Amino acid sequence: MKKVNCEEVKLGVHEFLHSELHEQELEAITAHLANCDSCEGHYDIEVILNQVIQRSCDEAPAAELADRVMDRIRSIQQHD
Ligand SMILES: [Zn+2]
């Protein structure tokens with residue numbers, strides 16, 4: 001899987017909030033967030049996802065994507 005560093009996460013979260021991320025990039029960022037204490041302290045991924053869902057509440061794909069991302073985060077965290 002693609003790896004990102006903390007700086008890329010910082011940029012990626014901003015792009016994510018503007019729906020400019022591809023699913024693959026989003027996965028790389030969420031994987032980093034799930035495993036990086038530094039970023040975890042800065043970004044609450046559930047809050048970020050909720051903002052995305054609220055902004056695009058009529059768009060089912062956004063909510064479905066958020067669901068998949070949360071599933072992915074949970075599976076990553078369970079494997080630690
Ligand atoms: Zn980080």
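**Entry 1: burial and overall make-up**

I looked up burial in the protein chain and noted that buried residues make up 16% of its 80 residues. A residue counts as buried if 20 or more other C-beta atoms lie within 10 Å of its own, as exposed if 12 or fewer do, and as partly exposed in between, with C-beta atoms placed from the backbone. I recorded that this is a predicted model, in which local features need pLDDT of at least 70 and side-chain atom pairs count only at pLDDT 80 or more, while totals for chains, interfaces and linings use all residues. Residues are numbered from 1 along each chain as its sequence is written.

I then listed the elements: the protein chain has 5 helices and 0 strands. From the N terminus on, the order is α-α-α-α-α. Helices (H or I, at least four residues) and strands (E, at least two) are DSSP runs, numbered from the N terminus.

I also looked up contacts, where two residues are in contact if their C-beta atoms, placed from the backbone, lie within 7 Å. Of the contacts in the protein chain with a separation of 6 or more, 55% join residues 24 or more positions apart.

**Entry 2: helix α1**

I checked the length of helix α1, residues 6-17. At 1.5 Å a residue, its 12 residues should span 16 Å, and its end C-alpha atoms are 17 Å apart, which agrees. The expected span is 1.5 Å times one less than the number of residues.

Which residues of α1 are buried? I found V9, G12 and F16. They cover an arc of only 65 degrees around the axis, which puts them on the same side of α1. The arc is that of the directions from the helix axis to the C-beta atoms. On the other side of α1, I noted E7, L11 and H14 as exposed. An α-helix has 3.6 residues a turn, so residues three or four places apart point the same way.

I looked up K10, which lies in helix α1. K10 is partly exposed, with 14 other C-beta atoms within 10 Å. K10 and Y43 are 33 residues apart along the chain, and their C-alpha atoms are separated by 8.8 Å.

V13 is also found in helix α1. I recorded V13 as partly exposed, with 18 other C-beta atoms within 10 Å. Leaving aside its neighbours within four places in sequence, V13 is in contact with I29, Y43 and I48. The C-alpha atoms of V13 and T30, 17 residues apart along the chain, are separated by 9.4 Å.

**Entry 3: helix α2**

I repeated the length check for α2, which comprises residues 23-35. At 1.5 Å a residue, the 13 residues of α2 should span 18 Å, and the end C-alpha atoms are 18 Å apart, which agrees. The buried residues of α2 are L26, I29, T30, H32 and L33. They cover an arc of only 160 degrees around the axis, which puts them on the same side of α2.

A28 lies in this helix. With 19 C-beta neighbours inside 10 Å, A28 counts as partly exposed. A28 and N5 are 23 residues apart in sequence and 9.6 Å apart in space, C-alpha to C-alpha.

**Entry 4: how α1 and α2 pack**

At what angle do α1 and α2 pack? I read an angle of about 125 degrees, with the axes 10 Å apart. Axes are lines fitted to C-alpha atoms, for helices over the stretch in contact, and angles run from 0 to 180 degrees between N-to-C directions. The two helices α1 and α2 are therefore oblique to each other. Angles under 35 degrees count as roughly parallel, over 145 as roughly antiparallel, 65 to 115 as roughly perpendicular and the rest as oblique.

I noted that V9, G12, V13 and F16 of α1 make the contact with E25, L26, I29, H32 and L33 of α2.

**Entry 5: V4**

I finished with V4, in the segment before α1. Is V4 buried or exposed? With 21 C-beta neighbours inside 10 Å, V4 counts as buried. V4 and I29 are 25 residues apart in sequence and 6.5 Å apart in space, C-alpha to C-alpha. Leaving aside neighbours within four places in sequence, I listed V9, G12, A28, I29 and H32 as the contacts of V4.
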